Amino acid sequence: MTGVHGLLLAAAANSARGVADFGTVAALVLFILASMWIGVLANRAMQSGSFMKGFFLGNRGLGAWALALTATVQSGGTFMGFPSLVYTHGWVVALWIASYMVVPITGFGVLGKRLAQLSRKTGAITVPDLFRERFGSPALGLAASLCILFYMSFMMVAQFKAGAVVMKHSWPGAGPLAFTEEVAAGEFDRAYFMGLAIFTITVVGYTALGGFLAAVWTDLFQSVMMFVGVLALLGLVLAQVGSVEEATRLATTQTGPGFAFGPGFDPSRAGHEFLPVGLAFSFFFVWVFSGLGSPAGLVRIMASKSTGTIRRSIYLLSSYNAFIYIPLIVVCICGRTIIPDLPPGKTDEIIPRLAIATTRALPCGSFLAGLILAAPFGAVMATVSSFLVVIASGLVRDVYQRFLNPAASPDQLRWMSHAVMVVVGLIAVLANLKPVAYLQAIVVFSGTGSAATFCVPALMLAYWRRATVPGVLASMFAGGGTVLTCYVVGVSNGLLGWFTRQSIGNLTGFHPYFPGGLDPLVWALGISLAAGIVVSLRTTPPDALLVSRLFDAAPPEPPTDAH
Amino acid sequence: MMSHYESPPSAGTAPLSEDPLLRSARREALVVGVTWVCAMSWSVGYCAWFGYGRSIDGLTFVWGIPDWVFWGIVAPWLACIAFSFFFGARFMGDDDLGRDDGANDEPSGAGA
């Protein structure tokens, strides 16, 4: 009884202090259990048919809701990095993210139908499979696979930190389970490591259990939770601040006029410009082409059931994006007045902190806070699970089965897929023992890098008969190499001080060089396109029969005698 | 550059016509490209003109949102949603994706 009494007293104290309580962690536990249950259901559903097609492509059965809401456009960045930018720089971040207004139509409308068709014609299960079969080149498939592994590993490692941070904030904040006290530099942060362990076990567990379908179904469930969580938080913050206009005026008095205008508020007050017009222009390339060239997105299109599915997904995702991003901007603008004093290293935590702060006075407030925290937690889990599937498929299908053991049995493939997911999860945990910094910067690097590598080659694959293997390889390496070079130059310059640092973009050390004030992706796409065209035209044309099979209508069936 | 019409798949057969799905996909991709350029030009142009280098005194609000954000971002976003409904429900055609060749536990042969 004394123990229960103590816990109740601790709960009352937490509620008064505005820190997470047992209700918060209970809501997240329920969410985790629901995700595991979905993994079990997915495991049962994929039992029929081929293991590879079921585990890595869901037997090409995705419907419109699943395709639209699981296109992995939301990630840890959506609920951690992006809110942090709004909190720090103000309204100009709306322009930074504005290209999401066209991301659904570009993501599905440019390549959707054609990739879905080509993947069926060639029997491709993965993106590297598709390159290999379309051009009849194992080397091209291997190159695509290695590039995907490189970029996705960066992105996934960053997501694990976000998952651990949400779990950390959901721990009860007082009494014997007091995990959330601030930890001094160099001290062991046990709340963070507990969060990291629980997050990893959950997400690797359900993904290994149900593969692609588990990733998609949990993604769908989590997308609904994100929608509910964001709208609930919007209502709560508006109730606290009165109106958005009032919040904006108050925030500008706390910060400066830059909070309401471009190029954004500069917390360093050293003349740094977060979003000059050149970068605003660049981000209409960054998000659009990151969506278009994302391997996780491409593979979901390959899994779509029909063209009707793709059509409906366009307007479903279009509406969904508006209801996520515009409210999130308003929430964080208001958040600046509710929690005005977050230090620079803590601004990633604005959403979890707002969820807890705005629900403390409500009945069952801590449970409600947990439901709201399920939104960022779900976004991170959804991203990690889909990336785990893509990385595992790359290693198992495109490396192990193609090159190491072509005669592998379905049981060997199943065992290897599970083992790869566990090993990748462990590597991500090891990489996060010292939590990665610059979450949003890593998301942008990974997105622009894979966009620069895959966008032009995917367009060549889908629409250009004359594209050749050397041309596609040149396009891949020229695009990816341009982005990589700009990052190496930018980061090295930050460390070694070769020339005056460009004072634009994210306030982080993980900062590319911006040639001409534009994001490296803008240049990379142009260079990738030029390399692809020039090298293709200067090399031997592709096999006419192979091209005809993939670009021409099937010849009419010969008439049969009707006897 | 060799056209596919110049290289019939086998001697003695008529040239093949282009896959109808490829034709419709290309047409739709072009429309999407134009939409992207229009959205980018409007948003970046409007915001650069009205959202940079202004004084806080002249700032007005529409539905609580700064005027330049509303007209430069929120309004075109709503227009894009409306266009997406038109594009997905009316403009984009339905095509047969074909049957699923291969895709089993064996790695399939190279495109033949």
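Me: How much area do chain A and chain B bury between them?
Reply: About 6600 Å², with 67% of it on carbon and sulfur atoms. Buried area is the accessible area (1.4 Å probe) that two parts lose on being put together, summed over both.

Me: Where does this come from?
Reply: This is a predicted model, in which local features need pLDDT of at least 70 and side-chain atom pairs count only at pLDDT 80 or more, while totals for chains, interfaces and linings use all residues. Residues are numbered from 1 along each chain as its sequence is written, chains are lettered from A and ligands numbered from 1 in the order in which they are written, and side-chain values use heavy atoms, without hydrogens and water.

Me: How many residues does each chain put into the contact?
Reply: Chain A gives 84 residues and chain B gives 68. Contact here means heavy atoms within 4.5 Å.

Me: What does B:Asp95 pair with?
Reply: B:Asp95 forms a salt bridge with A:Lys113, and their closest N and O atoms are 2.6 Å apart. B:Asp95 lies in the segment after helix 2 (67-91) of chain B and A:Lys113 in helix 8 (residues 112-122) of chain A, so the pair joins two chains. Helices are DSSP runs (H or I, at least four residues), numbered from the N terminus.

Me: And A:Arg311, what is its partner?
Reply: B:Asp94, with the closest N and O atoms of this salt bridge 3.0 Å apart.

Me: Which helix gives the most to chain A's side?
Reply: Helix 15 (residues 307-338) of chain A, with twelve residues on the side that touches chain B.

Me: New topic. Which residues make the nonpolar surface patch?
Reply: A:Val29, A:Leu30, A:Leu33, A:Phe367 and A:Leu371 make a patch of about 420 Å². Patch residues have over 30% relative accessible area (Shrake-Rupley method, 1.4 Å probe, only the protein chains shown counting as cover) and no salt bridge, with nonpolar side chains (Val, Leu, Ile, Met, Phe, Trp, Tyr) joined within 5 Å and like charges within 9 Å.

Me: Which elements give two or more residues to that patch?
Reply: Helix 2 (22-45) and helix 17 (365-404) of chain A. Helix 2 of chain A has the largest share, three residues, and A:Leu30 is placed in that helix.

Technical notes
Salt bridge = Lys/Arg side-chain N within 4 Å of Asp/Glu carboxyl O.
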